[in-house]
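Student: I am new to this kind of model and would like to learn how to read it feature by feature. Could you give me the general idea each time, and then the case at hand?

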Amino acid sequence: MAAALLSGGLALAQPGFEQLDFPPAAAQAGKLVFGFEGSTEGWRGLDGGTGVNVEAAPISVKEGKGALRYEYPLQKGVMSVLCRGGLAVAGAKSVSFWIKTSRPTMFVLALIEKDGSNYFVLFGTRANAWQKVGYDFDELQLSDDSKDENAALDADQLSVMGLIDGDVMKAEKV
């Protein structure tokens, strides 16, 4: 099993993603903030697992009072995806959060517009160490299999944010 903890909120701004049944997220002072204080706030794993929950123990939280814990099996060919739809982030220009993983790995941060345009960036993590992840939207690149009318990530069209464990091709069943 592998695990990732997210803490410190995520800064963004919500068109809808009608195919997923997520409650809407609220923006505060121009930023979409997930505090994970007692709720997963609509974040779900799409790998069929039930490993998304909230941690409140101080050792599991970097910032605030809660952290989102995503626990998933490592299996070759099985993609582990943590995502949140129903975002409303008009005016946002960046995304940032704290992450701590149980093992060193590569993650894909994906932001998807409601027309299906998929933007992403890769980042690495160290085992058992909190690290700050932050990107301006213009640092994400358009996926080769996506088309976008203006070749730019538009916050007012953003509908889904996802984190994908990028080591799926190297993983063996553990």
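Student: Where is Gly38 placed?

Tutor: Elements are read as DSSP runs numbered from the N terminus, with helices being H or I runs of at least four residues and strands being E runs of at least two. In this predicted model, Gly38 sits in the loop between strand 3 and strand 4. Residues are numbered from 1 along each chain as its sequence is written, and side-chain values use heavy atoms, with hydrogens and water left out. Because the model is predicted, local features need pLDDT of at least 70 and side-chain atom pairs count only at pLDDT 80 or more, while totals for chains, interfaces and linings use all residues.

Student: Is Gly38 buried or exposed?

Tutor: A residue is called buried under 20% relative accessible area, exposed over 50%, and partly exposed in between, using a 1.4 Å probe and protein chains only. Gly38 has 69% relative accessibility, so the residue counts as exposed.

Student: Which residues have the most contacts inside the largest nonpolar core?

Tutor: As a general idea, nonpolar side chains in soluble globular proteins tend to be buried together. A nonpolar core here is a set of buried Ala, Val, Leu, Ile, Met, Phe, Trp, Tyr and Cys residues joined through side-chain atoms within 4.5 Å. The largest one has 33 residues, and those with the most contacts inside it are Phe97, Leu109 and Phe123. Among the elements that give two or more residues to this core are strand 1 (2-7), strand 8 (94-101) and strand 9 (105-113). Leaving aside residues up to four places away in sequence, Leu109 touches residues including Phe97, Phe123, Tyr135 and Leu163, where contact means heavy atoms within 4.5 Å.

Student: What is the volume of the largest pocket, and which residues are closest to its centre?

Tutor: On a 1 Å grid over the protein atoms alone, a pocket is an open set of points where a 1.4 Å probe fits, with protein on both sides within 12 Å along at least five of seven lines, and lining residues have an atom within 4 Å of a point. The volume, which is the space filled by probe spheres set on the points, is about 230 Å³ for the largest pocket. Of its 15 lining residues, the closest to the centre are Val108, Ala110, Ile112, Asn118 and Ile164. Strand 13 supplies the largest share of the lining, 4 residues.

Student: Where does Gly116 lie?

Tutor: Gly116 lies in the loop between strand 9 and strand 10, and is partly exposed because its relative accessible area is 41%.
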